[in-house]
Every structure is written in structure tokens, then in C-alpha cells.
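Here is a short briefing to read with the model open beside you.

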Amino acid sequence: MKDDSTDGHGGYGVGAISLENMSPVIVDPHEKTAYVDMAAMHARSQVERRVRFQNDKDKVQDGKRYWIVWVTVQNSKEGPYYLGAAASEIIVDRPNRIAYKSMPEHVKHMEQSMKGMYVLEHMDDLSKELLLEFFKTYKPEFWERTSKDLGNQLQ
């Protein structure tokens with residue numbers, strides 16, 4: 001939560017959830033890459049552009065799976081670290097310009113990440129390896145301060 005909802009002002013936005021410490025990391029096992037794409041915060045990442053989303057996963061039979069990993073960073077006395085990370089699936093059929101993602105799942109995973117949870121066990125092994133390498137190289141100092149639980153889920 002951002003700010004103190006009991007500070008007395010009681011105006012608009014009191015008690016609103018702040019996403020300013022969250023970043024979406026796109027894991028693309030097909031290209032063997034993982035990268036930050038802040039446009040995913042508004043469902044406008046490169047992966048999500050120019051497709052029509054379907055409510056039924058079965059309608060996207062020929063799609064490629066990607067992961068949007070909602071990563072939350074927290075500061076400690078020693079410095080910033082990865083507080084939480086939760087992966088949400090997205091399936092994209094680029095030739096047919098359709099895709100699937102479960103918005104309730106994405107929202108749930110964002111919340112879990114903000115609460116300091118690591119929800120990554122459902123990812124495939126290659127995607128976990130890519131994410132682990134991303135964490136270790138993107139901000140090595142963050143990785144050093146992060147709980148070993150994160151590394152355990154990715155191995």
C-alpha cells in the first residue's frame with residue numbers, strides 16, 4: 001500500500017495500491033530471452049500488441065507461450081532486492097492475430113508478487129532458466145540480497 005490511509009486527509013486515492021515498485025519481465029522461451037517491458041503494466045507489451053484476446057484458451061491452439069513475470073523490488077538497509085515474483089501465462093498466435101491470457105490470474109499474480117511471494121513453480125524448465133539468468137545478470141546486487149527461496153524455485 002502506498003501512503004497511510006489513516007493520515008487524516010481521506011481524499012481520492014486513499015489506500016490505493018501502488019505499482020511503482022513492480023516491473024514486468026517478459027520471458028520468451030522461443031527466442032531464449034528475458035527482458036523488462038514496462039508497457040505490460042498497461043497490457044501493451046510487444047507480445048500483447050496487435051492481437052485480439054480470447055476468453056477461451058482452446059481457441060488459441062497454435063499459439064506460443066510466453067510469461068509475464070510480475071517482479072516487485074523492495075528496499076532494505078543493505079539495498080534493493082527482489083521481494084516477490086509471480087509468472088502469468090500468455091499464449092499468442094501471431095499469424096492468426098489472436099491470444100489468450102487470464103486477467104484474473106494476472107491480477108492475482110501481481111498481488112502475490114507485491115506480498116513478497118514467489119509463484120514460479122508452474123513455469124517450464126527453460127523459462128525458469130532464462131528468468132534465473134535474467135535475475136543474476138540484470139541487477140546482480142539485487143540478486144545477492146534476495147532470499148534464496150527465489151533461486152530454489154527457479155532450479
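M38 sits in the loop between β2 and β3. Please keep in mind that this is a predicted model.

- Together with V36 and Y138, M38 makes a nonpolar surface patch of about 270 Å².
- M38 itself counts as partly exposed, because its relative accessibility is 44%, which falls between the 20% limit for buried and the 50% limit for exposed.

**The overall layout**

- The protein chain has four helices and seven strands.
- Reading from the N terminus, the order of elements is β-β-β-β-β-β-α-β-α-α-α.
- Of the 155 residues in the protein chain, 41% are buried.
- The protein chain has an accessible surface of about 9200 Å², and carbon and sulfur atoms supply 48% of that area.
- Among contacts with a separation of 6 or more, 63% are between residues 24 or more positions apart.

**A34 and its surroundings**

- A34 is part of strand β2, and with a relative accessibility of 21% it counts as partly exposed.
- Leaving aside residues up to four places away in sequence, A34 touches V25, I26, V27, L130 and F134.
- A34 and L132 are 98 residues apart in sequence, yet their C-alpha atoms are 9.4 Å apart in space.

- How many salt bridges does the structure hold? There are four, and the general idea is that side chains of opposite charge can pair when their charged atoms come close.
- In one of them, the side chains of E48 and K101 meet with an N to O distance of 2.4 Å.
- E48 is in the loop between β2 (33-36) and β3 (52-54), while K101 is in the loop between β6 (98-100) and α1 (103-114), so this pair ties together parts that are 53 residues apart in sequence.

- R65 and E89 form a salt bridge in which the closest N and O atoms are 2.8 Å apart.
- Because R65 lies in strand β4 (residues 64-75) and E89 in strand β5 (residues 80-93), the pair ties together parts that are 24 residues apart in sequence.
- The two partners fall into separate accessibility classes: R65 counts as partly exposed at 34% relative accessibility, whereas E89 counts as buried at 10%.
- Which residues are linked in a network of salt bridges? They are K57, R65 and E89.

**The salt bridge between E111 and K115**

- E111 pairs with K115 in a salt bridge, with 2.9 Å between the closest N and O atoms.
- E111 counts as partly exposed, with a relative accessibility of 38%.
- K115 counts as exposed, because its relative accessibility of 56% is over the 50% limit.

Technical notes:
Residues are numbered from 1 along each chain as its sequence is written. This is a predicted model: local features need pLDDT of at least 70, side-chain atom pairs count only at pLDDT 80 or more; totals for chains, interfaces and linings use all residues. Side-chain values use heavy atoms; hydrogens and water are left out. Helices (H or I, at least four residues) and strands (E, at least two) are DSSP runs, numbered from the N terminus. Buried means under 20% relative accessible area, exposed over 50%, partly exposed in between (1.4 Å probe, protein chains only). Contact means heavy atoms within 4.5 Å. Patches are made of residues with over 30% relative accessible area and no salt bridge: like charges are joined within 9 Å, nonpolar side chains (Val, Leu, Ile, Met, Phe, Trp, Tyr) within 5 Å. Accessible areas come from the Shrake-Rupley method with a 1.4 Å probe; for residues, only the protein chains shown count as cover.
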